Amino acid sequence: MTRSTRLRFTGIAAVATVALAACGGGASSSSGSGGAPVDGGTLTIARSQDIISMDKTTTFDNNSIYVMEQIMEPLFTVSKDGSKVEPWLATGYDISADKLTYTIHLRKGVTFSDGKPLTAADVKFSIDEDTKTGSDGWGYINAAIDTVTATDDNTVTIKLKYAWAPLLADLSLFSNAIIPNNYGGKTKDEFYAAPVGTGPFVWGSWTKGQSVKVTANKKYWGHKPHLDAVTWTVVADANTRKLQLQGGQIDIDDTPDWSSFSSLKGTAGINAQTFPSTYEEYVTFNEQRKPFQDVHVRRAIASAIDRNAIIKTVLFGNGTVADSLLSPGTPFYDKNNGAPTFDVAKAKQEMAQSSVPNGFSTSILISSGNPDQASIAQIMQSELKAIGIDLKITQLDPTAQKQARLKSQFDMVAQAWTMDIPDPDEWTSFAVDPDGGSHSSFSYYDNPQVIALNKQAEKETDNSKRQELYSQLQKQVSADSPFAYLYYAPYVFAMKDSVKGFYSTPLGNYHLEDVYKTK
Amino acid sequence: MLDRLRFVPGRLVQAIPVLFGVTLIVFFMVHLLPGNPAVAILGQTATPERVAALSKQLGLDQPLWDQYLLFMKHLFQGNLGTSITYQRPVSELVFQDFPITLSLLLFALVLSLAISVPLAALAATAPGRGRDLGVRAFTLLGQGMPQFWVGIMLILLLAVKAGLFPVGGYGETWGEHWYYLFLPALTLAIAMCPTVIRSLRASTINVLGSDYVGTARSKGAAGAGLFRKHVLRNAAIPTVSIIGVNLGYLIGGTLVIEKVFAVPGLGSLMINAILARDFPTIQAVALFVALFVIVIGILTDVVYTAIDPRVDLSSKELA
């Protein structure tokens, strides 16, 4: 007997986009209701760094990714609240009973910005292109895919090597966005110098180090963008971005630093907003170094940190205490996992039980030019003194810091993670499975029970069973404390009051087709 | 006059070993920095295996000497290499950004002269009196204020509050470029003024006390005419070399100022290249800056020779 789970989403995405336009940034009322959407105008967004490349398969920096997402779209996309995957260029899919074959139905009537219709051949080419990059690009995310076949013009069949629950989430990643078959006859380099996709905006121009511009796609299959164009300018200094916003030169300050954010919050004519994210700041213990093999030491430190003090100092209060390996914006997050909380008595008790009851001296590695990490390290320094730990702060420039982390040259290191796909697997495999390639996010944490749970969850397609597995996993990791979770920080944007409909999903994607300017 | 400029070709030849030394030092110094471009490119998902694979693909697994020889070989062929970050020829990036930094420097130079010469004249013609003290206080203040702070204050006052200038950026048209560069150039000029004013003031006082000015005065020259014809040219001689040296320093100052004003020049390119460990770009920018400083040095001597007929660098070098 074969049982086929049939899921159809025909029309849902169209409804979703209309709904999004209607509530335009409903994540917050302040950027929402502003009367009927107005068409026209250029939106100027200033941010600290330039884009690097539009090659979706080998680009890892968010600045480039947020631009390419306006131009090239995937089959599925993350819902506005980040909790699930919704069909986008696809309308639905069928899964075979053995969970190894996915038949994906494409949306009809979608064209690329050059006018050519979207077909299954384009989809096959695009996904294969990503898979081929393997570990040099995002190809590793498609590791479970065996073959992609264009069954007919509007149907694509994906065969898997093994059952793989995160497949749809993986397909929603920008690296699996759909581009014309064979780069539309161009070479790869030529294509990515001016990429073509089905998105609401088309590639405009790029002056390296200065600005990048996209213009509205008049042939867009969804609701047409309100804006004529969007320009991202490079303004490295946070203070200059803030002043540019105040001076009216830009519409949006992308990622103001926390002090700018809190001062902009009270400024008339400016709307400083937070959006839930998957950003989690945490400290990794290097279990290759003494005395971090000792779970009591790790738990003692995790219990000695006053997260609220850090949130108050670093985030000016704009954050919440991290209490799990997963963030609340990530599917299968479970709050009740017994993660260590701030409790000095408990910390002292753990120290007494440890191999170093009289304390020890150690260091924390942070990245220079990152005031947040500098404050975290200083707060930890004074708090750990209370339980007999003498903490030194080692500061290296960002790339050198990453290199030291890769080479395991640290005792403790301050790190952060944001999710790229709406599925916990990308992160859990990186963080707790040594096979993930990073030695469990550089901690060298290796618990066979946790690894087994993670592998099981990858193959489980039943959501309630997956929840159970991920709950167990979160509980066990908290008990082992290879990391001390610090805080969850939201995404922040400061914009003119005249900017309406702007929102960011917990994965950081923004749908600029919904944005308009009132003045 | 042309005769006295015979030293120029010799200077240019001397520059070659200097530039060679710069390539050697810069190349090996940047490779001393921990971390390579692969680490910078891969972001949060970097793992040791993936870094190793990308390093190999970028040719970074080759012995350092081989990489250096390859770099030098390409350099002799006029090829500065390919930016690892942008995957574009470095020369394209440098030639896009260098004119911006150069305009900024020249604009700053013009502004600093426009401020310094009148102020120095004001001070020197009444040493010890009120206006002299005022000018000297200004130079002290100018020297004491950090450049980036001056920049931020100018933005706050003239751009945000008064709305006279844009808050950083570079604009799109030729006219806009100068408009956008005014505040950063003024910031650099304020940093440069104090030294120029002090030097000019001291030499002007010296010249004013000299016999030939006394002679000129006795022949009826006075006021602005005396200053322009007899004083300024002689007083400017020591100042020229000070300006030359300062311009060399100033190109370092542009690194900070370009960041504060979001000017997309060489400074911004250099900072980003260092953070990303984009070795070819770092090397090219360093080479360009070195060449620039050498050219400024030569130009300083040319100007020196032009305004003081007694200076003959050619004969000294021939001797």
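Two strands pair if DSSP finds at least two bridges between them. Helices (H or I, at least four residues) and strands (E, at least two) are themselves DSSP runs, numbered from the N terminus. The views below come from a predicted model, in which local features need pLDDT of at least 70, side-chain atom pairs count only at pLDDT 80 or more, and totals for chains, interfaces and linings use all residues. Residues are numbered from 1 along each chain as its sequence is written, while chains are lettered from A and ligands numbered from 1 in the order in which they are written.

**View 1. A hairpin in chain A, built from E9(A) and E10(A).** Here strand E9 (residues 201-207) runs antiparallel to strand E10 (residues 211-216), and six bridges join the two. To find your way across the pair, look for Ser205(A), whose bridge partner in E10(A) is Lys213(A). Three residues separate the strands, and in that turn Gly209(A) has a positive phi of about 80°.

View 2. You will find Pro291(A) in the loop between strand E13 (270-285) and helix H8 (295-304) of chain A.

**View 3. Positive phi at Ser440(A) and at Ala262(B).** Ser440(A) is not a glycine, yet its phi is positive, at about 55°. This serine belongs to helix H14 (residues 439-442) of chain A. Is Ser440(A) buried or exposed? Ser440(A) is buried, with 26 other C-beta atoms within 10 Å; buried takes 20 or more such atoms within 10 Å, exposed 12 or fewer, and partly exposed lies in between, with C-beta atoms placed from the backbone. In chain B, Ala262(B) also has a positive phi, of about 50°, without being a glycine. Ala262(B) sits in the loop between helix H10 (223-260) and helix H11 (266-276) of chain B, and it is buried as well, with 27 C-beta neighbours inside 10 Å.

**View 4. Helix H1 of chain B, residues 7-32.** This helix has 26 residues and reaches 38 Å from its first C-alpha to its last, close to the 38 Å expected at 1.5 Å a residue (the expected span is 1.5 Å times one less than the number of residues). H1(B) is hardly covered: two of its 26 residues are buried. Of the 319 residues of chain B, 34% count as buried.

**View 5. Where chain A meets chain B.** The contact takes 32 residues from chain A and 44 from chain B, two residues being in contact if their C-beta atoms, placed from the backbone, lie within 7 Å. On the side of chain A, the elements giving two or more residues are strand E11 (229-234), helix H6 (238-246) and helix H12 (398-406). H12(A) gives the largest share, seven residues. That side of chain A divides into eleven nonpolar, 15 polar and six charged residues; Ala, Val, Leu, Ile, Met, Phe, Trp, Tyr, Cys and Pro count as nonpolar, Asp, Glu, Lys and Arg as charged, and the others, Gly among them, as polar.

**View 6. Confidence along chain A.** The mean pLDDT of chain A is 90, and 93% of its residues reach 70 or more; pLDDT is the predictor's confidence in each residue, from 0 to 100. Over residues 1-33 of chain A the pLDDT is below 50, and this stretch has 54 contacts in the model beyond near neighbours in sequence.
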